[in-house]
Amino acid sequence: MPALPESLKNKFSENAEKIQVSGIREFDNQISTIDGLIKLTLGEPDMDTPEHVKQAAIASIANNDSHYGPQAGKRELRQAISNFLEKTIGVSYDPDTEISVTVGASEALAASILSLANSGDKFIIPTPIFSFYWPMVSLGGAESVLVDVSKDNFILTPQKLEEVLKKEGDRVKGVILNYPSNPSGVEYTKEQIKALAKVIKDHDLFVITDEIYSGLTYGIDHYSITKEIPERTIFVSGLSKSHAMTGYRLGFMAAPKEAMAQLNKIHGFLVATASNASQAAALEALTNGLDDIEAARQKYEKRRNYVYRELQEIGLQAVKPQGAFYIFIKAPEKYHNDGYQFALDLAQKAKVGVIPGNAFGPGGEGYVRLSYAASDENLHEALKRIKKFVEEGNNND
């Protein structure tokens, strides 16, 4: 086994040294060796990719579609994405200049952040939120302003945004949003988005909006901030959640053509281009698979209702999700706001795996995230175990 020379150990990128391993993955790895654990840790749909989508990928391989495609993605797929966005979020994007196909939404987010970030820049990130954003801001040499919105019903209010902007000064370049939210499942209303958009426009900021769960909402219509300020928005999404295609690594981004010219440069240097087989699957999903999104949404809503109802009966406080497939659970009072210890005890004693809320930033302290993108059987058994754990703990107090 090669050993790195001592003389090279301190010569890595300072920006890379600053960031930590994902708290989600770190905790998942820590508890995954527990025998008999029911894992409700990751945002991994338990459903299979629709058969017609799989067949499109297979046909692409069988037809020897194995050469480099266009850097921004195949033209027919970009047109399908344009059609999809016009139908779902009501904004028209030119497939030739304003849309790019990426290797998952994660790569789209990386390209978006790295294309904007300069040393000294600041990005406002409301937390709790998916833990990808602030490490990428650090890699770009910029600074993340993590804003705890847990006391505002997990919503970044225009008042809070104005307050933070006043405090942070004119080096703030943009705001990063994710809704429906991972981990809370909270969705912004149309009125809330309109109010936020006004503040962002008044302060001449960019907004990067990660709306990958937009097709999975319950009792509320998704309203994209691109409807209000498309000229300053970088829109990111993908098919991992809506079509159970996490392993296909297929995402996309849309933005004004001047912004996309910069985004595409970063995208090209990061990955060159997305794979042809994944693009073929995505084309099929967006052309003939829109009903698949509704079928998945209905299943997740049924699971959401079950999990939330059971948690209430157990006596655990939880944020009722309006979208995505996560539920954010408050640690019982005896844990004194220590969500990490609560998650660890659930894994070790109840054999149910969840993620501590502090993995999602300061707004997640005192909570744990449970993913209900799991089979009904596993969810039913997990809730039985959690109920028993809580009841036994209360009896021992």
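I take accessible areas from the Shrake-Rupley method with a 1.4 Å probe, and for residues I count only the protein chains shown as cover. On that basis I note that the accessible surface of the protein chain comes to about 18,100 Å², and that 48% of this surface belongs to carbon and sulfur atoms.

I am working with a predicted model, in which local features need pLDDT of at least 70 and side-chain atom pairs count only at pLDDT 80 or more, while totals for chains, interfaces and linings use all residues. I number residues from 1 along each chain as its sequence is written, and my side-chain values use heavy atoms, with hydrogens and water left out.

**Entry 1: the whole chain**

I looked up the secondary structure and found 13 helices and 13 strands in the protein chain; both are DSSP runs numbered from the N terminus, helices being H or I with at least four residues and strands being E with at least two. The radius of gyration is 21 Å, close to the 21 Å of the globule rule for 397 residues, so the protein chain is as compact as a globular protein of that length. For this I used C-alpha atoms, and the rule is 2.2 Å times the number of residues to the power 0.38. The C-alpha trace spans about 65 × 60 × 50 Å along its principal axes.

I then asked how much of the protein chain is buried. Of the 397 residues, 55% are buried, where buried means under 20% relative accessible area, exposed means over 50%, and partly exposed lies in between (1.4 Å probe, protein chains only). Contact, for me, means heavy atoms within 4.5 Å, and among contacts with a separation of 6 or more, 74% link residues 24 or more positions apart.

**Entry 2: two residues and their contacts**

I looked up N264, which sits in helix α9 (residues 257–271) and is buried at a relative accessible area of 16%. Leaving aside neighbours within four places in sequence, N264 is in contact with Q71, A72 and S100.

Not counting residues up to four places away in sequence, I19 touches P135, S138 and L139; I19 and S138 are 119 residues apart in sequence, yet their C-alpha atoms are 7.0 Å apart in space.

**Entry 3: strand pairing**

Strands of a sheet pair through backbone hydrogen bonds, either parallel or antiparallel. I count two strands as paired if DSSP finds at least two bridges between them.

Strand β5 (residues 172–178) runs parallel to β6, and five bridges join them, with V175 opposite V207 in β6. In strand β6 (residues 206–210) four of the five residues are buried, so this strand is largely enclosed by the rest of the structure.

Which strands form the open sheet, and in what order? I read four strands in the order β9-β10-β13-β12, with antiparallel pairing. The edge strands, each pairing on one side only, are β9 (318–319) and β12 (355–356). I found two bridges between β9 and β10, and A318 has I329 in β10 as its bridge partner. These two strands form a hairpin with six residues between them, and A324 in the turn has a positive phi of about 60°. Strand β10 (residues 326–330) is mostly covered, as four of its five residues are buried. Five bridges join β10 to β13, and F328 stands opposite R369 in β13.

**Entry 4: backbone exceptions**

Most residues other than glycine have a negative phi, and most peptide bonds are trans.

A cis peptide bond joins T127 and P128, with omega about 15°, and P128 is in the loop between β3 (122–127) and α6 (133–139). The bond from Y179 to P180 is also cis, with omega near -10°, and P180 lies in the loop between β5 and α8 (190–202).

F154, not a glycine, has a positive phi of about 65°; F154 lies in the loop between β4 (143–148) and α7 (158–168) and is buried at 9% relative accessible area. D204, in the loop between α8 and β6, has a positive phi of about 55° and is exposed, with a relative accessible area of 59%.
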